[in-house]
Amino acid sequence: MQVSCPRPTAARNISISQQARSTAFVRPVPPWSRLAAFSAEASRLEQFQPPFQFSSFFSPEDTLLCVLAGERALAAHLGSSPGIVELTSGSGLVGFRLLSLGPSATLFGVDIDPDAESCARANAERLGYAGRARFVCMSLWDPVMEAVLRGQRTDILVCNPPYIPEPPEAGLPVEAGAGADGSAHLRRVTALAYATQPETLVLSWCSLCDPAGVVGDVEDAGYQLDELFVVLIADGEYSGSVHNYLLTLPTAFLNSSHETLRVVAPDGAARFGYLLMSGCFSRTATTSHDGREAMRSLCTSFRDQGASALEGFRSSIEGRIWLLDRWDEITLRAILHGPIAAPVYTVSP
Ligand SMILES: C[S@@+](CC[C@H](N)C(=O)[O-])C[C@H]1O[C@@H](n2cnc3c(N)ncnc32)[C@H](O)[C@@H]1O
């Protein structure tokens with residue numbers, strides 16, 4: 001966008017050209033250099049620019065994080081024609097990304113939002129996946145959900161669910177809230193995985209929703225955490241709106257130190273930082289709790305020491321940790337809008 005401002009004292013003729021110009025977004029401050037920038041992974045989103053549509057509750061950061069865990073899962077199935085089932089599929093983006101990498105994979109998506117179902121179907125048509133992708137509108141808690149899953153080929157079960165803890169007296173919108181400790185959908189998906197035994201499980205969750213309990217439950221259901229993906233981020237629309245409630249929950253891990261706030265929000269507009277996470281799990285005959293221990297160690301270190309605890313964090317689980325600060329959050333959203341068109345203002349002398 002080019003803007004030249006008129007001097008305040010003199011009247012000028014201002015002409016506005018509606019000609020579209022591509023605008024480069026420039027960060028006003030450099031990112032914290034001690035963690036890799038999550039925006040470096042964003043090229044995966046470029047195939048989802050308009051006319052691709054998003055359903056009403058979509059956020060690029062947790063969806064991209066789920067994509068990374070999904071790619072790790074798909075790599076283990078590439079010799080076959082894997083059946084992918086995506087629960088809480090929204091726009092279908094995670095599944096479509098996997099279809100683009102697995103030419104013989106198929107996708108079955110489930111979401112409670114009827115608009116998400118039609119949005120995902122339209123996206124499948126536009127991307128040329130209509131022959132390999134089906135979507136239904138259904139709740140995870142529908143009594144026939146388990147039977148529906150048993151009727152699908154499910155090699156990889158994916159879920160990027162809501163996971164914000166909901167204060168009992170003030171519920172969040174259905175797309176965002178996930179019960180008193182934020183783990184309701186995650187525990188339901190774990191129970192469905194236990195019942196239907198897919199080979200691979202891909203989940204996303206966060207440090208606010210009983211992370212050690214959630215991962216421990218998945219391990220108890222017969223899965224091991226193969227790889228963990230973590231992003232440090234500032235509070236958002238929903239997580240920020242329940243800040244006081246989060247402070248009462250022993251299972252919610254956040255950090256509000258001066259250093260963390262400066263790292264996640266150099267613009268000064270954050271109340272706390274927390275961790276978004278995703279993981280790739282595989283079915284195993286031996287029960288281990290390495291994932292639960294990794295969660296406990298990571299989340300308590302972060303709660304007690306803030307951003308600097310993440311640099312050089314080590315555990316027995318393979319993993320990667322990135323930073324997504326406020327400016328890079330904007331970058332992710334800008335990528336999904338495609339080239340930004342803006343009117344160009346010029347002032348005649
Ligand atoms: C974090 S969003 C997932 C976004 C998705 N990755 C995308 O690309 O749009 C969570 C989704 O869970 C869905 N959802 C919420 N409660 C549900 C339930 N009980 N059963 C099925 N889907 C549900 C919402 O409608 C929303 O689309």
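How many helices and strands does the protein chain have? The protein chain has eleven helices and eleven strands, where helices (H or I, at least four residues) and strands (E, at least two) are DSSP runs numbered from the N terminus. The model is a predicted one, in which local features need pLDDT of at least 70 and side-chain atom pairs count only at pLDDT 80 or more, while totals for chains, interfaces and linings use all residues. Residues are numbered from 1 along each chain as its sequence is written.

Of the 349 residues in the protein chain, 43% are buried. Here a residue is buried if 20 or more other C-beta atoms lie within 10 Å of its own, exposed if 12 or fewer, and partly exposed in between, with C-beta atoms placed from the backbone. Two residues are in contact if their C-beta atoms, placed from the backbone, lie within 7 Å. Among contacts in the protein chain with a separation of 6 or more, 78% are accounted for by residues 24 or more positions apart.

Nine strands form an open sheet with mixed pairing, in the order β2-β10-β8-β9-β7-β6-β3-β4-β5. The edges are taken by β2 (36-37) and β5, each with a single partner strand, so one side of each is left without a neighbour in the sheet. Two strands count as paired if DSSP finds at least two bridges between them. Strands of a sheet pair through backbone hydrogen bonds, either parallel or antiparallel.

Helix α5 (residues 184-196) lies across β3, β6 and β7 and runs at about 170° to β7. Helix α10 (residues 290-305) touches β8 and β9, and its direction makes about 15° with that of β8. For these angles, axes are lines fitted to C-alpha atoms, for helices over the stretch in contact, and angles run from 0 to 180 degrees between N-to-C directions.

Helix α10 has a helical partner too: helix α6 (residues 211-220) packs with α10 at an angle of about 170°, with their axes 8 Å apart. The two are therefore roughly antiparallel to each other, a term for angles over 145 degrees, whereas those under 35 count as roughly parallel, 65 to 115 as roughly perpendicular and the rest as oblique. Pro 211, Ala 212, Val 215, Gly 216 and Glu 219 in α6 meet Gly 291, Arg 292, Met 295, Arg 296 and Cys 299 in α10. The residues of this contact divide into five nonpolar, two polar and three charged. In this grouping Ala, Val, Leu, Ile, Met, Phe, Trp, Tyr, Cys and Pro count as nonpolar, Asp, Glu, Lys and Arg as charged, and the others, Gly among them, as polar.

The ligand comes next. Of the 24 residues around the ligand, Thr 88, Gly 90, Ser 91, Ile 112 and Asp 113 come nearest, a residue being near if its C-beta atom, placed from the backbone, lies within 6 Å. The shell around the ligand consists of 13 nonpolar, seven polar and four charged residues. At least two residues of the shell are supplied by each of α1 (60-75), α2 (93-101) and β4 (106-111). Seven of the nine residues of α2 are buried, so α2 is largely enclosed by the rest of the structure. The cover over the buried residues of α2 includes α1, β3 (83-87), β4, α3 (114-127), β5 (133-137) and β6 (156-159).

Some backbone details complete the picture. Most residues other than glycine have a negative phi, and most peptide bonds are trans. Thr 88, which is not a glycine, has a positive phi of about 55°; Thr 88 sits in the loop between β3 and α2 and is buried, with 24 other C-beta atoms within 10 Å. Gln 197 likewise has a positive phi, near 55°, and lies in the loop between α5 and β7. Gln 197 is partly exposed, with 13 other C-beta atoms within 10 Å. The peptide bond from Pro 50 to Pro 51 is cis, with omega near 10°, and Pro 51 is placed in the loop between β2 and α1.
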